[in-house]
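Look at the sequence and the model below.

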Amino acid sequence: MKQFFGENYVHHGEIIQLPLDFVRQLCLKIQPERPESRCDKDMDTLSGYAMCLPNLTRLQTYRFVEHRPILCIEIKPKCGFIPFSSHVSQEIKHKVCRYCMHQHLKVANGKWKRPSKYCPLDLFSGNKQRMHFALKSLLQEAQNNLKIFKNGELIYGCKDDQECVSDWNELARHLKPFFFPSNGLVSGPHCTRTIVKELIHVITMTLLSSTDACRAGDMKTVPVSQGRSYCEASAFNKELVRNGKHKLESSGLPKDCLLYKTLQAQMLDMLDIEGLYPLYTRVEQYLEEFPEERSTLQIDGPYNEAFYEKLLDLSTEDDGTIAFALTKVQQYRIAMTAKDCSIMISLSPCLQDECSEQRPVVLASKSRFTFSVSVLDLDLKPYESIPHQYKLDGKIVNYYLKNVQAKDDPVMSSLFKENEDCTLVLHKVTLK
């Protein structure tokens, strides 16, 4: 995935061989620490191999700050664009983003207590006001999209789907030494709000940052302007409309920042799942006829340079071949991986005389930080998950149309009500 995100952002693990007894003991020790939502996934104790991964809650570049306190923010930004594919069958998908629609279905299913005001399009807009609003919304309803660690310990966010630590006053207590090292500079009722504002500013600046060393590969870029730049369901957008402003500004992202690279990878989903699914079916039918071709087509890997080379074709004109269908399916898998990845921002206090041009630094009002930005959860999404994504997309859209948009639209509401209440009653008639 370095071809998409650049060398500086992706940290691969090292595969090491371990004695089987050690692996079993390690798994037994880890099992009680795993979140309940993960316990249904079995750990392979018989392979004899383990993946040694870096601790991304620590700075990944500079060893000299390891003895200092480390603050780490994990963000799962989700999909940052509105589908622009002509294959989309429901117009609502051209207006409201997948995340905002999915929120309502998740609340209905009991996964979350209330919908978040966070909209990914605000974060990916590059507009600092919209980005600040998006990050504040994440802090208000972290769900599984935001976690904050202090020296590797979770101090804010959800450990699993339900157990959340989300007290702003407690968060401010943890953050105050980072942002206001001298006691007494900030106190009183506005202390918490001021510290959270500082945090949001620093996160925004690191997300927009870039360095010369962080260059993506030779992947052609998908024009960001193809889709709508805002989501009609965004709380930020609704607030503007209420205030009589109808133009939502999108400043654009710097091309070397991680958000831009993430968005470019996401936009490899050029056909939407509705346009992709028939191509997946074509590949499936081909594999049923020629099952021995599965390894040649690299369905299950290896995901090497040759694999990524095949993904450079960004054409959307279907020539009816298996090669075209396979390329679009593999591009979709990359896009889905980018839509579900996590960004880790690690910060450590930095004294002015320690800062130089070789060390990226972000400034706050009363402090400065050395930082590193990394991306994780880059295991390619399974080929077999595509039918599930197709069904889920339909569920999300249908629920939103019936239960959310219908309530906002009196005409639609009456139509749904008529459909629900209309009953055909047949009476027995005796002919004389």
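Lys76 touches Asn144, Asn145, Asp340, Cys341, Ser342 and Asp377, with residues up to four places away in sequence left out of the list; a contact here means heavy atoms within 4.5 Å. With one of these residues, Ser342, Lys76 makes a polar contact from side chain to side chain, at 3.5 Å. A polar contact is a pair of N or O atoms within 3.5 Å; within protein, one atom must be able to donate a hydrogen and the other to accept it, and residues adjacent in sequence count only if both atoms are side-chain atoms.

Some conventions apply to everything here. This is a predicted model, in which local features need pLDDT of at least 70 and side-chain atom pairs count only at pLDDT 80 or more, while totals for chains, interfaces and linings use all residues. Residues are numbered from 1 along each chain as its sequence is written, and side-chain values use heavy atoms, with hydrogens and water left out.

Where does Lys76 sit in the chain? Its place is in the loop between strand E3 (71–75) and helix H3 (98–108). Helices (H or I, at least four residues) and strands (E, at least two) are DSSP runs, numbered from the N terminus. Is Lys76 buried or exposed? Lys76 counts as buried because its relative accessibility is 12%; buried means under 20% relative accessible area, exposed means over 50%, and partly exposed lies in between (1.4 Å probe, protein chains only).

Now take the protein as a whole. It has 14 helices and nine strands, and 44% of its 432 residues count as buried. Among contacts between residues at least 6 apart in sequence, 73% join residues at least 24 apart. The accessible surface comes to about 23,600 Å², and 51% of that belongs to carbon and sulfur atoms. Such areas come from the Shrake-Rupley method with a 1.4 Å probe; for residues, only the protein chains shown count as cover.

The next topic is the sheet. Seven strands form an open sheet in the order E6-E5-E4-E3-E7-E9-E8, with antiparallel pairing. The edge strands are E6 (164–165) and E8, each of which pairs on one side only. Two strands count as paired if DSSP finds at least two bridges between them.

Strand E9 (residues 368–376) is largely enclosed by the rest of the structure, because seven of its nine residues are buried. On one pairing, E9 runs antiparallel to strand E7 (residues 342–349) over eight bridges. Ile343 has Val375 in E9 as its bridge partner, and Leu347 stands opposite Phe371 in E9. E9 also pairs with strand E8 (residues 361–363), again antiparallel, through three bridges. There, the bridge partner of Val362 is Phe369 in E9. E8 and E9 form a hairpin with four residues between them. In a regular strand the side chains alternate between the two faces of the sheet.

Lys78 lies in the loop between E3 and H3 and Asp340 in the loop between helix H12 (322–339) and E7, so the pair ties together parts that are 262 residues apart in sequence. Lys78 is partly exposed at 21% relative accessible area, and Asp340 is partly exposed at 22%.

Other salt bridges lie within a helix. Arg173 and Glu170 both belong to helix H6 (residues 168–179), three residues apart, about one turn of the helix; their closest N and O atoms are 2.5 Å apart. Arg173 is exposed, at 52%, whereas Glu170 is partly exposed, at 31%. In helix H8 (residues 235–242), Glu239 and Arg242 are likewise three residues apart, and their salt bridge has its closest N and O atoms 2.7 Å apart. Lys93, Arg98, Asp272, Glu274 and Asp393 are linked in a network of salt bridges.

Key:
Salt bridge = Lys/Arg side-chain N within 4 Å of Asp/Glu carboxyl O.
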